[in-house]
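Dear colleague,

Please find below the structure that I am handing over to you, followed by an account of what was found in it.

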Amino acid sequence: MDSDSSGGVSREELRAWILRRHRGSRQEALRSESARLDRDSDGVVTWAEFRQLSFGDAEDFGGSPDPDSHRKLLERSRRRFGAADEDGDGRLGAAELDAFLHPEDFPRLQDLVVQETIEDLDRDGDGFIQVDEYIADLFEGPPGSPEPPEIQREREQFLQVRDRDGDGRLGPPEVKLWLSPPSPDWAGLEAEHLIHHADLDQDGALSREEILARWELFVGSRATDYGQDLHRGHDEL
């Protein structure tokens, strides 16, 4: 990350790192998943191939300790498969498989990503993300414990920036703006977000110690491919 060996990671260095890791992780995921899922090596992935390898033959998931979660995940995968299948032929070519694996990078799947995000965070099932639901995804301390300063800043960011109509919750249009802000420089915005929340000494750059102190912030960021980089053994890390 620290390309100039200055001992700190600047906004531009972090932005460049995020873009580099994002491109590399997409290409790696597409190669590995295509090889895994395309069982007959015909260059496309069918729903039957994906379902068999990902969920097996069971229809009711009776042998699962949590069959309801498996059924929901199956239907979510079916919905995403159909959305990624741009020509509707029931098969995913390379570009469509890329869209299936990385819908956040495809404008035509933006509404799907919004829907999935709300489903992930909406604990009370009202179709919105309440501020406490948003915070609960970031931090769950002992009951009655105070929120760390960085979590308090996230709460302020939610209420002052993301909650555009001031009702204390995010609806689909607000979630869409949060996930896909108007600026095309998403990597620069992500770098600024990370520095804002992790730069403890406020010098405009991140030291190794500051990054390690806020490791959970980076695990939830594209800077580490949402934590997947931590499982990969490559020289960049």
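Phe158 is buried, since its relative accessible area is 0% (buried means under 20% relative accessible area, exposed over 50% and partly exposed in between, with a 1.4 Å probe and protein chains only). This is a predicted model, in which local features need pLDDT of at least 70 and side-chain atom pairs count only at pLDDT 80 or more, while totals for chains, interfaces and linings use all residues. Residues are numbered from 1 along each chain as its sequence is written, and side-chain values use heavy atoms, with hydrogens and water left out.

Aromatic pairs

Seven aromatic pairs are counted, where rings of Phe, Tyr and Trp (its six-membered ring) pair if their centres lie within 6.5 Å, and planes under 30 degrees apart count as stacked, over 60 as edge-to-face and the rest as tilted. The ring centres of Tyr134 and Phe158 are 5.0 Å apart and their planes stand at 45°, so this pair is tilted. Because Tyr134 belongs to helix 6 (residues 131–138) and Phe158 to helix 7, the pair ties together parts that are 24 residues apart in sequence; helices are DSSP runs of H or I with at least four residues, numbered from the N terminus. Tyr134 also counts as buried, at 5% relative accessibility.

Tyr134 and Trp178 form an edge-to-face pair, because their ring centres are 5.5 Å apart and their planes are at 75°. This pair links distant parts of the chain, as Trp178 lies in helix 8 (residues 172–179), 44 residues from Tyr134. Trp178 is partly exposed, with a relative accessible area of 22%.

Arg162 lies in helix 7 and counts as buried at 13% relative accessibility. Leaving aside neighbours within four places in sequence, the residues in contact with Arg162 include Tyr134, Trp178 and His193 (contact means heavy atoms within 4.5 Å).

The axes of helix 7 (residues 149–162) and helix 9 (residues 186–198) come within 10 Å and cross at roughly 135°. Axes are lines fitted to C-alpha atoms, for helices over the stretch in contact, and angles run from 0 to 180 degrees between N-to-C directions. Helix 7 is therefore oblique to helix 9 (under 35 degrees is roughly parallel, over 145 roughly antiparallel, 65 to 115 roughly perpendicular and the rest oblique). Glu150, Arg153, Glu154 and Arg162 of helix 7 make this contact with His193, His196 and His197 of helix 9.

Yours sincerely

Note on methods
Helix = DSSP H or I, 4+ residues; strand = E, 2+ residues; numbered from the N terminus.
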